[in-house]
Amino acid sequence: MNVEEIKKHALSEIGEADTPERLEVLHLKYLGRKGQLTQLLAEIPELPNFEDRKSAGIVINTAKEGIETALRFKDQELKNKEQEKLGKIKFDSTEPGKKFAVGSLHPLTQFRNFVRETFERLGFEEVYAPHIETDDYNFGLLNMPPDHPARDLWDTLYLTDRKLLRSHTSNIEVREMRKRKPPIKVMSFDRCFRFEALDPHHSHTFTQFDLLYIDKGVSIAHLKWLSDYFLKQVFGEETRTRFRPKYYPFVEPGVGVDALCPFCKGKGCRICGYAGWFEIAGAGMVHPEVLKNGGIDPKIYSGLAWGFGPDRMLMIKLGIDDIRLFYEGDLRFLKQF
Amino acid sequence: MLIPYAWLKEFVKLKASAEVVGEELSLATIGVEEVRREGGEAILNLEVTYNRGDLLSILGVARELAALYNLNLQKEEEEFKPPANTQNLVIKSDKDLCSLYTLVLIKGFSCQETPNEIKKRLRYTGMRPVNLLADITNYVMLEYGQPLHAFDAEKIKKRDPSMSIEVRNAKRGEVIKTLDGLTRILEPSDIVIADRKGPIAIGGVMGGKDTEVEVGTKEVLLEAAIFNPIAIRRTSRRLGLRSEASIRFEHYLSPENLLKALNRAIKLYHLHGSGEVGGFGQIGKTKTTPEPVNLDATKLNSLLGTEITITEARQHLTRLRFKVMSSTKGLIAWPPHFRGDIKHEEDLIEEVARLHGYDDLPATAPCTIATDTPENIFEYLRNNLSKLLAGMGFNEVKTYPFLTTEALVHKGSGGLLKLRNPVSSEAEYLKDSDLLNILNAARVNTPRCKEGRLFELEKVYPKEGEYFALTALLWGIAEPYRTLKGVLEALLTKTHLNCDFAPAKDNLLHPGRTAKIIVNNKNVGIIGEVHPHLAKSYSLTDTALFELNLESLAKYARRWGIFTLIPPYPEVYEDFSFFFPYGKQLGPLVQKIKTLNEVIRGVELADLFEREGKRSVTLRLTFQSSIRELSSKDLKPVRRKITGLIKKSGGELRG
């Protein structure tokens with residue numbers, strides 16, 4: 001077959017090709033390593049004289065270029081057709097996706113992670129203390145000997161005379177003091193329990209967070225900074241907080257922390273009970289007697305304790321109106337987090 | 001404590017509104033629950049705490065406000081001194097029961113009505129007017145914070161003409177009919193006021209019916225005392241009698257204040273009822289001896305983070321009626337008689353801070369050296385396993401730590417920890433496992449969800465000791481046991497532990513489809529299908545659950561596994577299909593194959609079905625050598641060993 005015939009044949013076959021795969025076959029057939037034109041090109045050096053070699057070269061290369069162009073055009077044409085076809089399929093890209101089950105972490109767990117991360121950045125370490133606690137760690141060693149009237153602040157659930165369900169996470173305090181040496185920087189985010197009937201705002205089971213920091217020269221100014229640092233992360237940079245005196249037997253001076261109501265900005269609304277402020281945290285400088293009970297010399301060291309109720313804080317932050325939602329397992333609630 | 005604002009203003013000339021004064025108190029002294037208006041009268045509701053018993057009185061709050069606003073206190077009474085030649089009343093008392101006991105005999109009462117103003121104020125503060133003689137004791141108590149009790153002296157004389165009054169412990173079995181008409185059986189820990197015939201009052205808690213004052217009473221024996229607060233607290237709790245008086249007796253009371261209150265009451269008796277003092281008796285300490293407290297200027301500022309001068313501190317304390325003297329390091333302060341709460345330097349620092357202004361204290365970032373904090377594998381597991389489960393479609397729930405009465409029907413209460421004072425029978429027994437609680441949470445959702453997946457990570461409280469359990473439950477899903485086991489195995493790969501399963505029994509789980517979870521030869525949990533009867537009673541079907549002791553698991557779990565190089569030679573896959581009778585365990589066989597030869601890189605269950613009662617199993621094995629490409633010939637000996645194992649374990653190879 002001469003060059004012209006090969007070319008004609010090739011162009012006709014390319015013209016009929018209807019898939020990219022077929023084009024690939026044709027490319028190999030004519031231009032591949034063993035393709036027909038390639039073979040003719042390989043034969044050129046065998047031609048006896050220069051002029052013949054020259055003209056054969058020109059003819060074959062022209063044919064080669066022609067086939068290459070045809071392949072390219074055909075390839076483009078097929079691609080265009082394909083594109084046109086893809087664009088014409090019946091499909092609605094706004095149909096909802098196929099359901100893929102994803103679960104959720106409980107809002108209190110997510111809040112716990114947030115709180116932990118916030119204070120871990122400052123070097124506080126998560127600790128735990130028993131839920132079933134002795135009267136000593138829950139009360140006695142926190143400057144509340146038996147029959148101390150301040151115990152009335154906590155309606156406590158008892159198992160026996162000496163064993164109770166801890167009524168606050170402050171039972172970590174003397175435990176950690178006895179385990180460690182200052183500087184002590186620990187925190188606990190865990191459950192506690194009180195004698196409370198269930199209603200939208202009360203629960204016998206709830207969560208508390210406690211921060212304990214003991215070192216030389218720890219002051220209320222540090223407490224204030226830590227309190228502001230945290231509350232701004234929860235309620236936003238513009239959050240206003242204030243300190244006022246508050247009595248807890250295990251701190252002195254004692255502090256109540258208020259946050260300006262994020263809803264009414266202090267004007268007074270239904271959510272803050274028209275007070276303009278939320279009492280959001282309790283704190284103070286660890287009482288010298290408590291430091292002594294923990295084996296720490298109050299003449300050398302001082303400490304701060306700061307705590308809040310995550311259930312309530314989350315309720316305020318998110319506008320949740322019933323604390324029982326946290327503990328009932330309703331997926332309509334849980335899946336929102 | 002309810003404080004009518006107009007009454008307060010009699011003691012201190014406040015100019016601001018009740019609301020503003022309330023705000024000031026709450027920022028400098030004590031919580032103010034609300035300021036409400038009743039019939040044109042503003043009433044402050046104070047949340048008085050144990051340390052500030054002095055604020056359980058109009059005068060006490062007035063003293064505090066006088067300090068806050070730097071005003072003078074008006075019309076505080078002098079301490080009572082009996083007129084000369086007053087008849088001496090004989091009293092016996094014990095200083096451990098009662099640090100000060102005084103009785104004043106007041107004679108010649110003419111029957112009169114309680115003035116309306118007094119009645120009104122009693123009502124504003126939540127008390128019920130009774131008769132002039134009782135009302136004045138209550139009125140003075142509200143004003144001065146010192147409870148008083150009026151006995152009808154003539155009634156006592158009838159019982160015991162000698163009027164020998166004694167403060168003593170009750171005798172076992174002693175009985176008294178109290179003012180509320182109930183007969184009370186007394187305990188030796190109770191304090192009684194008694195004459196020779198027996199108790200006439202439960203000291204500090206309630207008077208006796210027998211000696212009650214009424215309209216027409218001519219002679220009164222007026223009692224003012226400071227009882228042992230712990231004894232009062234115990235008695236009032238035991239009898240369920242907490243009164244305005246007993247609450248005040250639980251707090252610190254000062255003898256100086258008692259004598260002022262007594263003077264006030266006597267004056268009012270005279271003014272409104274024409275009563276005259278006719279006798280007086282007193283036993284105990286009439287003066288407070290305050291302990292001086294040192295305030296070190298350095299300590300003051302290091303605890304507050306401030307630069308407050310001793311001069312400023314001195315001014316604040318003086319306004320609060322402390323007596324102050326300079327010392328080399330700062331000052332020495334003697335608290336006023338009405339403050340029983342000042343014992344430590346830190347107490348003084350709080351006083352200074354309050355008057356300086358808590359809200360004006362600076363905020364300073366703490367600056368400490370780093371502390372050595374070892375990695376906590378429990379925290380690692382807690383966070384990561386929770387996130388993994390959530391990723392696998394499980395929703396985390398939090399349930400109460402108690403078993404409901406319904407749960408107890410299924411489980412029985414034997415072996416459970418029990419509360420002595422439960423809130424209700426639904427919260428009396430502590431859960432020793434989460435199973436029934438998580439079933440209950442699942443049921444909440446059954447009206448809407450035919451299937452679901454839940455987990456909880458919380459403490460459970462078996463008798464042997466509380467621990468954090470990780471419990472996961474799924475329902476409404478085919479092959480629940482195998483599905484959940486797959487979840488569990490996936491979780492456990494992240495702990496880099498080898499775990500085994502062995503058939504187990506649990507009353508609440510399916511008797512056939514239950515296994516214990518074993519790690520390092522230790523039982524760390526249980527997995528099983530929930531017993532169909534139990535599932536049904538919780539409106540669930542196809543339900544499986546596992547419970548892991550996360551604290552045990554944390555003892556063995558590792559954050560990092562062992563890395564194996566990926567060989568450059570291709571993997572070869574081969575299936576082994578065989579019948580495997582029920583009654584034989586597939587788990588151990590798979591484990592054995594896995595460790596048979598180092599070219600076996602993986603064993604997976606590719607297919608499992610049951611036909612004509614026979615279990616058909618297909619295991620897909622991955623072979624790979626780390627030194628060369630494997631040929632079919634290379635695998636021949638391994639293959640023979642595998643088929644041998646299968647047969648030995650009771651399997652029957654399929655064609």
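Select B:Asp341 to begin: this residue is partly exposed because 19 other C-beta atoms lie within 10 Å, where buried means 20 or more other C-beta atoms within 10 Å of the residue's own, exposed means 12 or fewer, and partly exposed is in between, with C-beta atoms placed from the backbone. This is a predicted model, in which local features need pLDDT of at least 70 and side-chain atom pairs count only at pLDDT 80 or more, while totals for chains, interfaces and linings use all residues. Residues are numbered from 1 along each chain as its sequence is written, and chains are lettered from A and ligands numbered from 1 in the order in which they are written.

B:Asp341 sits in the loop between strand S17 (330-334) and helix H12 (345-356) of chain B, helices (H or I, at least four residues) and strands (E, at least two) being DSSP runs numbered from the N terminus. Beyond neighbours within four places in sequence, its contacts (C-beta atoms, placed from the backbone, within 7 Å) are B:Asn51, B:Arg52, B:Tyr252 and B:Asp347.

An unreviewed UniProt entry places the feature "binding site" at B:Asp341, B:Asp347, B:Glu350 and B:Glu351; UniProt positions follow the numbering used here, feature names are shortened, and annotations may be inferred rather than shown by experiment.

Next, select B:Glu350, which lies in helix H12 of chain B. Is B:Glu350 buried or exposed? B:Glu350 counts as buried, with 27 C-beta neighbours inside 10 Å. Leaving aside neighbours within four places in sequence, B:Glu350 is in contact with A:Pro245, A:Glu252 and A:Pro253.

Methods
Two residues are in contact if their C-beta atoms, placed from the backbone, lie within 7 Å.
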